[in-house]
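Hi everyone, thanks for coming. Let me put the structure up on the screen before I start talking.

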Amino acid sequence: MSKDDALCGEFFMNGDTACAEGAISAGCRFFAGYPITPATEVAERMSERLPQVGGVFIQMEDEIASMNAILGASWTGVKAMTATSGPGFSLMMENLGLGVMLETPCVLANIQRAGPSTGLPTLVAQGDIMQARWGAHGHYEIVALVPDSPQEMFDLTITAFNLSEQYRVPVLLMADEAVGHMSEKVVMRRINQKELASRPRPKVVPEEYLPYDSREGLVPPMAVAGGGYRFHVTGLTHDDRGYPVMTAEAQDKLIRRLVDKIRLNAKNIIRLEEIGVDDAEVVVVSYGISARIARYAVQKARDEGIKAGLLRLITVWPFAEDRIRELAPKVKAFIVPEINYGQIVREVERCAAGKAKARLVPHMGGSVHLPETVLEAIREEAK
Amino acid sequence: MNLWRKPFDIDEKAPRPVKIHIDIDRCKGCGYCAEFCPRGVLKMTGELSYKGYDMVGVVDDGKCLGCGLCEAMCPEFGIYLIYEDKELK
Amino acid sequence: MTKMLTVDTNPVDCYLRVDRIPHIWCAGCGIGPATGCFLRAIDRAELNPDKVAVVSGIGCSGRVAGYIKLDSFHTTHGRALPFATGLKLGNPELNVVVFSGDGDIVAIGGNHLIHSARRNIDMTVICINNFNYGMTGGQMGPTTPLDARSATSPYGNFEYPFNLPYLVAASGATYVARWTVLHLRELERSIAEALTKPGFSFIEVLGPCPTVYGRRNKLPRGMDEMRSYQERSVIRDGADPKDVELSLNGPIVVGKFVDIERPTLWDCYQQMLDRVTKP
């Protein structure tokens, strides 16, 4: 196969397939996964494409193994990903925590379906948003992106790889069944190598290398297995050498850095789309498939003369706290349509801090909101 | 007829003068080396090390064959042989 | 070879993170000798140490990775094998070794064990079997012999244990052996053999756990367990794995049980790639 293996051009394809193609364009050459509706199409596409581009596809025995396999592969210097949905996402949580602790770049696509438990395997929901943030035990920060179309499944998969490489953190692509299974036009542009980030590499000789060297910055350089660095990494609380240290001081230093490397860079990580927010009295805060319904409702409200705006969260984690705080004194209300019984609305309410109302427009999953439901909420809050 | 021969690897297998090094910082006094030494070179002394573990001592390193079993068996990587003819090799 | 021939250190020190020694294992623990055998086997097998990666899970044996001065990964409980699978497939040049305890690799990680053997992925597994969960204080596990006492089987274990060589051989491993830490020469040779053998190699190493297993089973010191190995061990190379079951006081059959040829996962992947890339 030639080096030029990424697909380019305009295609009509579903979101899952676009996600797989985005990964190939981003340079992903390792995929480990386990079949689960509605994420299976990502694995299927990868099983077809990776052998064509000299990568490795492996179907593991479960999602726990899949998550571990991509961590292992990432330590050999390969860009690696997995894709799953609800139950599999739950199984991956412990080792997502390992990925955070070892600071291993990788991408995990969760094509959300309705839960809890087996729930509605073939139908849409956005119920895993808080699990994405807090699913593994212990305190950490994570990056989660939410695509609203097959096009974004392609684009944001590339962004996800870039952020994971840049910050050495697992990045979650929190898509949903609707976006995953919807077929639309996807434009795959040629990705220039310069657009692709890669993890910081050690600049010192092996004898001087520290796996978690934080002297140069919050993101330490990462050696590869087999590179002669003979490093040790552990899921235990560790020091700069990677050695376990069982003290409160070591925990303090490590967790602060793991959190701060995302928290202090939130401005560079967060991506938002805003429509008519500047003069808006009512701002709809939404993400993923729900944002497409919100977009229509906001449009209708504007047609009726209501000053409505849309703030679409492309990055749900880290949360766009500053923007909500900034808008809160200027607006009457935030309206949060999401396909769950209230998750991101809590964040909005927290940041609005009583300066503006945060109103949830819930949907328990299985389908999407009716635009009228969101429109009605906008009308009521605009009064 | 000559019914015996000189073993072809006798030079390799012949006992070599050895010094046994016991690392008292590592030893936890399990006693494996003393128990399984085929020549009784090592023995538990009955004294306690500064860490409070039973101490092992060398009774007679003249008897040592340099088999290295103690070195391999020590769970603490705390005992090893120094072959005194090493430079000659 | 990068091994240093200095006179003043233990020959395995070049592969140890000496700044972390003495290690955390109890006096008489079997993990130390097994680790030593592995370190010597690296040289015996003439491997490039820079290309050896050690992965371990959680528990006493999980700490092995932290003491070995090679690329070493201390992962989550039971998950050393899938992590190692990623390493091996990410860089097939690596010689991947999984150090694991019986509870780690057979109980919580049991599914990964049988599937790694089924795939015949090229790696070496050294499973230190001390018949219980040592790190958490000596609870029974899937290898605890019937009637043995433990923290969670105070009246004697009423569950049948796994016969590990049989399990792994039936799952497809191409090299299966069992030794005790008393069989140091055999163990070292066996590990060296496994390291160079393509395919999934599994070596069960019986090691004493005086503090929490021996104490509850009339073998209060490491020495007692070692002597019991000496009395009960029978070397039977080539024995049928189904006949090597262990019991509380019965014979311990040790030896190399399986040594067969079968294409590895990577061989099969390459064959598939050939079909893809050659029209």
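First, the ground rules. This is a predicted model, so to speak: local features need pLDDT of at least 70, side-chain atom pairs count only at pLDDT 80 or more, and totals for chains, interfaces and linings use all residues. Residues are numbered from 1 along each chain as its sequence is written, chains are lettered from A and ligands numbered from 1 in the order in which they are written, and side-chain values use heavy atoms, with hydrogens and water left out.

Let's start where chain A meets chain C. Here 41 residues of chain A are in contact with 41 residues of chain C, contact meaning heavy atoms within 4.5 Å. The two chains bury about 3300 Å² between them, and 58% of that is on carbon and sulfur atoms. Buried area here is the accessible area (1.4 Å probe) that two parts lose on being put together, summed over both.

What about polar links? Between chain A and chain C there are 21 residue pairs in polar contact, both residues at pLDDT 80 or more. A polar contact is a pair of N or O atoms within 3.5 Å; within protein, one must be able to donate a hydrogen and the other to accept it, and residues adjacent in sequence count only if both atoms are side-chain atoms.

On the side of chain A that touches chain C, α2 (40–52), β3 (56–59), α3 (63–74), α4 (86–102) and β10 (232–234) each supply at least two residues. Helices (H or I, at least four residues) and strands (E, at least two) are DSSP runs, numbered from the N terminus. The biggest giver is α3(A), with 7 residues.

Now follow β10(A) across to the other chain. It runs parallel to strand β2 (residues 71–74) of chain C, joined by 3 bridges, and strands pair if DSSP finds at least two bridges between them. In this pairing A:Val233 stands opposite C:Phe73.

Next to β2(C) comes β1(C), residues 52–56, and 4 bridges join these two parallel strands. On its β2(C) side, C:Val54 stands opposite C:Ser72. β1(C) also pairs in the parallel sense with β3(C), residues 95–101, over 5 bridges, and there the partner of C:Val54 is C:Val97.

Is β1(C) buried or exposed? Of its 5 residues, 5 are buried, that is, under 20% relative accessible area, with exposed being over 50% and partly exposed in between (1.4 Å probe, protein chains only). C:Val52, C:Val54 and C:Ser56 point one way, while C:Ala53 and C:Val55 point the other.

Finally, salt bridges: a side-chain nitrogen of Lys or Arg within 4 Å of a carboxyl oxygen of Asp or Glu.

Within chain A, A:Glu21 and A:Arg49 form a salt bridge, their closest N and O atoms 2.8 Å apart. A:Glu21 lies in α1 (residues 15–26) and A:Arg49 in α2, so the pair ties together parts that are 28 residues apart in sequence. A:Glu21 is buried at 0% relative accessibility, and A:Arg49 is buried at 7%.

That's my tour, and I'm happy to take questions.
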